[in-house]
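Work through the exercises below with the sequence and the 3D structure at hand. Try each task before reading its solution.

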There are 2 protein chains.
Amino acid sequence: MNLLIVGSVAFDTVETPFGKVARALGGTATYGSISASYFASPGIVGVVGSDFDRKSVNILKRRGIDLEGLQVDPTGKTFHWSGCYEGDMNQAITCDTQLNVFESFRPVIPDSYRKAPFVFLGNILPDLQLEVLNQMARPKLVLCDTMNYWIESQPDQLEKVFRRSDVICINDGEALQFCGTSSIPRAARELLKLGARRIIIKLGGYGVQLYGKDSFFALPALPLTNVIDPTGAGDTFAGGFIGRLAKSRRLDENAFRRALATGTVMASYCVQDFSCRKTAGLKPADIDKRLTMLKECVRLP
Amino acid sequence: MNLLIVGSVAFDTVETPFGKVARALGGTATYGSISASYFASPGIVGVVGSDFDRKSVNILKRRGIDLEGLQVDPTGKTFHWSGCYEGDMNQAITCDTQLNVFESFRPVIPDSYRKAPFVFLGNILPDLQLEVLNQMARPKLVLCDTMNYWIESQPDQLEKVFRRSDVICINDGEALQFCGTSSIPRAARELLKLGARRIIIKLGGYGVQLYGKDSFFALPALPLTNVIDPTGAGDTFAGGFIGRLAKSRRLDENAFRRALATGTVMASYCVQDFSCRKTAGLKPADIDKRLTMLKECVRLP
């Protein structure tokens with residue numbers, strides 16, 4: 001276990017122009033840990049309810065994911081999200097959110113996780129993200145994600161999380177909203193001032209940008225013509241990113257760039273099927289193949 | 001003269017959050033030819049009115065731009081566009097358009113232009129773009145641009161232009177609109193079926209994509225924190241792109257990629273001041289410096 005991932009484990013009911021799934025395995029910790037499992041040894045901290053089935057457990061176990069930190073709350077049901085996508089599928093439309101056992105979730109970090117050098121704080125209440133950090137011995141790298149809801153309702157607590165993070169992963173709209181600017185490069189500069197080493201700006205189907213104090217790097221998304229369901233793409237990206245970092249000898253610019261490419265490739269597989277159907281069953285050669293493709297997509301002679 | 005550029009020559013009155021200019025030199029042929037002039041020998045086909053002043057002529061002449069094809073219509077005034085930008089400045093808000101002499105413009109290609117190997121058809125009525133092509137001896141490469149207005153009102157004529165173009169340059173929203181899809185990669189594939197060698201999809205502040213039959217390449221915009229006025233960025237990009245192509249020995253994938261980078265760099269200078277103030281006075285070293293910067297922005301180790 002060298003990578004702690006904190007976040008939701010959920011059942012998702014999703015409809016896109018290309019099909020529908022009911023109660024499919026989802027959630028940040030699920031997508032993130034499955035993606036990271038190709039490069040690191042992730043352990044999950046999250047909560048599920050009495051309805052969490054053996055089949056779902058086995059999907060995670062088969063990927064070697066440590067589940068000691070996954071609480072089972074027998075008094076309720078697993079977090080259930082229902083949503084759909086239309087048109088360019090860049091924006092999810094939520095139909096129903098049943099937090100269930102996730103509503104009263106408090107992260108408890110098992111002793112065996114406390115020294116994990118890498119931490120991915122998925123999008124949960126900022127106070128809970130801080131509680132996680134308070135239970136950890138000095139991690140080497142903390143990656144945090146968030147969402148518009150916390151930017152609006154808890155900006156001060158969120159800023160505390162940002163100040164304790166090494167990498168902030170945020171989408172373009174959220175970055176502009178948090179910084180109160182209309183320029184992405186300016187928002188990234190503002191966020192860097194909070195102390196993070198790198199800012200990742202996610203641009204949905206347009207790719208991803210990486211800002212450092214004196215560096216800028218951008219990658220497009222792979223030009224897929226068969227996007228089926230974008231649910232979990234951001235978490236799959238983040239999991240691949242931090243998983244790859246956990247494998248790097250040094251955390252320098254080159255390592256961050258390789259990790260960004262890895263996250264991009266993992267996300268490209270995620271969106272080509274519902275749930276984690278595609279990402280749970282990859283071979284190393286699948287990943288290498290797309291890394292080579294991605295490299296060619298940015299080769300500037 | 002090895003590059004024909006057809007399009008508007010205009011005066012622009014522009015207001016952005018960073019300032020205002022009145023009746024500044026603008027228009028597709030202006031922005032395009034100034035940008036291209038660093039790499040090729042452009043000649044303009046367009047029209048101006050009785051108010052077109054010596055100062056504006058001199059800006060073009062100093063860049064070595066051939067003006068034999070620039071008609072002067074003494075019966076009216078030069079095309080005048082007034083607009084403003086707000087927020088992220090990705091979308092111009094038109095306040096007033098006075099077509100003036102541009103309304104009855106018919107492109108007449110001077111004999112000395114007819115054998116130009118490179119042609120940039122700026123955004124004008126598709127029928128006029130076709131008239132230009134009918135007057136040309138077999139050019140080596142035709143680049144065309146368009147806008148939503150023609151996609152809505154003249155889709156059939158526009159398709160004829162596309163079928164006779166080697167490179168179609170179009171922004172993301174326009175590509176989706178023309179192809180009736182919600183996926184950019186699918187739109188690009190559709191457009192390629194019309195016969196062009198490459199499709200360029202412009203993503204505004206997010207950069208640009210280049211699609212070939214078996215290739216994909218993407219470049220981010222340079223991460224500028226001081227964007228002053230985006231007017232003319234697309235035309236400046238196109239001019240730099242085709243100008244650089246005109247300098248290439250072979251029109252292969254590498255040449256297209258280098259040209260895309262050149263266009264991106266020229267556009268980065270364009271947006272940092274009003275009108276062509278910045279792009280009209282560059283030194284080759286300025287361009288090389290940003291090409292090196294851009295290369296580092298996409299270096300994937």
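**Exercise 1.** State how many helices and strands chain A has.

Solution. Chain A has 10 helices and 13 strands. Helices (H or I, at least four residues) and strands (E, at least two) are DSSP runs, numbered from the N terminus. The model is predicted: local features need pLDDT of at least 70, side-chain atom pairs count only at pLDDT 80 or more, and totals for chains, interfaces and linings use all residues. Residues are numbered from 1 along each chain as its sequence is written, while chains are lettered from A and ligands numbered from 1 in the order in which they are written.

**Exercise 2.** Decide why helix α1 of chain B counts as largely enclosed.

Solution. First, apply the criterion: a residue is buried if 20 or more other C-beta atoms, placed from the backbone, lie within 10 Å of its own, exposed if 12 or fewer, and partly exposed in between. Next, go through residues 28-36: 9 of the 9 are buried, so the helix is largely enclosed by the rest of the structure. Among them are B:Tyr31, B:Gly32 and B:Ile34.

**Exercise 3.** Describe how chain A meets chain B.

Solution. Contact means that C-beta atoms, placed from the backbone, lie within 7 Å. By this rule, 30 residues of chain A touch 30 residues of chain B. Elements of chain A giving two or more residues to this side are α7 (184-192), β13 (215-219), α9 (253-270) and α10 (284-297). Finally, 100% of the interface residues of chain A are also interface residues in chain B, so the copies meet through the same surface.

Definitions and conventions. Two residues are in contact if their C-beta atoms, placed from the backbone, lie within 7 Å.
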